[in-house]
Amino acid sequence: MNRRLLAVPALAFAVLAVAGCSSRTGGTANPAPSAEPSSSDASQPAAGSAPRVPSPLNAGNITSDACTTLNATGRSALSLGDGTPRSTGNGPSCTFQEAADPGNQIDVTTVTANKNGLQDVYDTKANDAYFDETQVSGYPAVYAAAADDRKDGKCGLFVAVTDELTVNILVQYDNGAGASDPCPVAQKFGESMVQTLMGG
């Protein structure tokens, strides 16, 4: 089944929206300029605020090339081929396809257009069809998207790699276990990404 991803703006930040039918292209988050960060710097986040990153990851490479979110070891663990870079208005993006099944793909966007990291996702969660807090290897993350197509093999995950930067992982699987349960695939990608950024 071919699918098309549509970016849908929503207030200060919109997460990925996924629509059915037609040809399939990469989807990205669609942020607008965000508000200035609060002057308060509490060690614990206020209610409704995004958790802080415990230890910022080295995000220098991924802010120019999202395909460097996974090293060769990570790609092999997920049976992914080399990524194909794309350019978006939200930041660098990369499409990874399963080597044995190109119908299964993961689109990754380093959301450099937003400056408040995961907080921008929290600020617009009312616009999401689902919003589930989680962690990826100890880093704060949120499963979120403007359309809930998880039963159709699509799952969106935002991972905070620094307090100012998130990476959006969008799984789109047509076949295999990921087609019926795509969020664990996003989780595994995120874990491999954290290891890559740690230098592992």
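Visitor: Over which residues does pLDDT stay under 50, and how many contacts beyond four places in sequence does the model have for them?

Guide: This is a predicted model, and pLDDT is the predictor's confidence in each residue. Here pLDDT stays under 50 over residues 1–43. For that stretch the model has 116 contacts beyond four places in sequence. For the chain, the mean pLDDT is 82, and 76% of the residues reach 70 or more.

Visitor: How many helices and strands does the chain have, and in what order do the elements run?

Guide: There are four helices and nine strands in the chain. Read from the N terminus, the order is β-β-α-β-β-β-α-β-β-β-β-α-α.

Visitor: What percentage of the residues counts as buried, and what percentage of the contacts with a separation of 6 or more joins residues 24 or more positions apart?

Guide: Of the 200 residues, 50% count as buried. Among contacts with a separation of 6 or more, 54% are between residues 24 or more positions apart.

Visitor: Which parts of the chain does the disulfide of Cys67 and Cys94 link?

Guide: The sulfur atoms of Cys67 and Cys94 are 2.0 Å apart. Cys67 lies in the loop between strand 2 (16–20) and helix 1 (72–77), while Cys94 belongs to strand 4 (residues 91–97). The two cysteines are 27 residues apart, and the pair links distant parts of the chain. The link is right-handed, with 95 degrees about the S-S bond.

Visitor: Are Cys67 and Cys94 buried or exposed?

Guide: The test is relative accessible area, and a residue is buried under 20%. Cys67 has 13% and therefore counts as buried. Cys94 has 0% and is likewise buried.

Visitor: Where do the cysteines of the other disulfide, Cys155 and Cys183, lie?

Guide: In the disulfide of Cys155 and Cys183 the sulfur atoms are 2.1 Å apart. Cys155 is in strand 8 (residues 154–162) and Cys183 is in helix 4 (residues 183–197), so the link ties together parts 28 residues apart in sequence. The S-S torsion is about 95 degrees, so this disulfide is right-handed. Both Cys155 and Cys183 are buried.

Visitor: In the largest nonpolar core, which residues touch the most other members?

Guide: A core of this kind is a set of buried nonpolar residues joined through their side-chain atoms. The largest one has 44 residues, of which Ile106, Val161, Ile169 and Phe189 touch the most other members. Elements giving two or more residues to this core include strand 5 (105–110), helix 2 (118–123), strand 8 and strand 9 (165–172). Helix 4 gives the largest share of this core, seven residues.

Visitor: Which residues is Val161 in contact with, leaving aside its neighbours within four places in sequence?

Guide: The contacts of Val161 beyond those neighbours are Val53, Pro56, Leu57, Ala59, Ile62, Tyr139, Val167, Met193 and Leu197.

Visitor: How is a pair of aromatic rings described?

Guide: A pair of aromatic rings is described by the distance of the centres and the angle of the planes. The count here comes to two aromatic pairs. One of them, Tyr122 with Phe131, is edge-to-face, at 5.1 Å centre to centre and 90 degrees between the planes. Tyr122 is buried at 4% relative accessible area, and Phe131 is buried at 19%.

Visitor: Which residue lies over the face of Tyr130?

Guide: Arg150 lies over that face, at 3.9 Å from the ring centre of Tyr130.

Methods:
Residues are numbered from 1 along each chain as its sequence is written. This is a predicted model: local features need pLDDT of at least 70, side-chain atom pairs count only at pLDDT 80 or more; totals for chains, interfaces and linings use all residues. Side-chain values use heavy atoms; hydrogens and water are left out. A disulfide is a pair of cysteine sulfur atoms within 2.5 Å. Buried means under 20% relative accessible area, exposed over 50%, partly exposed in between (1.4 Å probe, protein chains only). A nonpolar core is a set of buried Ala, Val, Leu, Ile, Met, Phe, Trp, Tyr and Cys residues joined through side-chain atoms within 4.5 Å. Contact means heavy atoms within 4.5 Å. pLDDT is the predictor's confidence in each residue, from 0 to 100. Rings of Phe, Tyr and Trp (its six-membered ring) pair if their centres lie within 6.5 Å; planes under 30 degrees apart count as stacked, over 60 as edge-to-face and the rest as tilted. A charge sits over a ring if NZ of Lys or CZ of Arg is within 6 Å of the ring centre and within 35 degrees of the ring normal.
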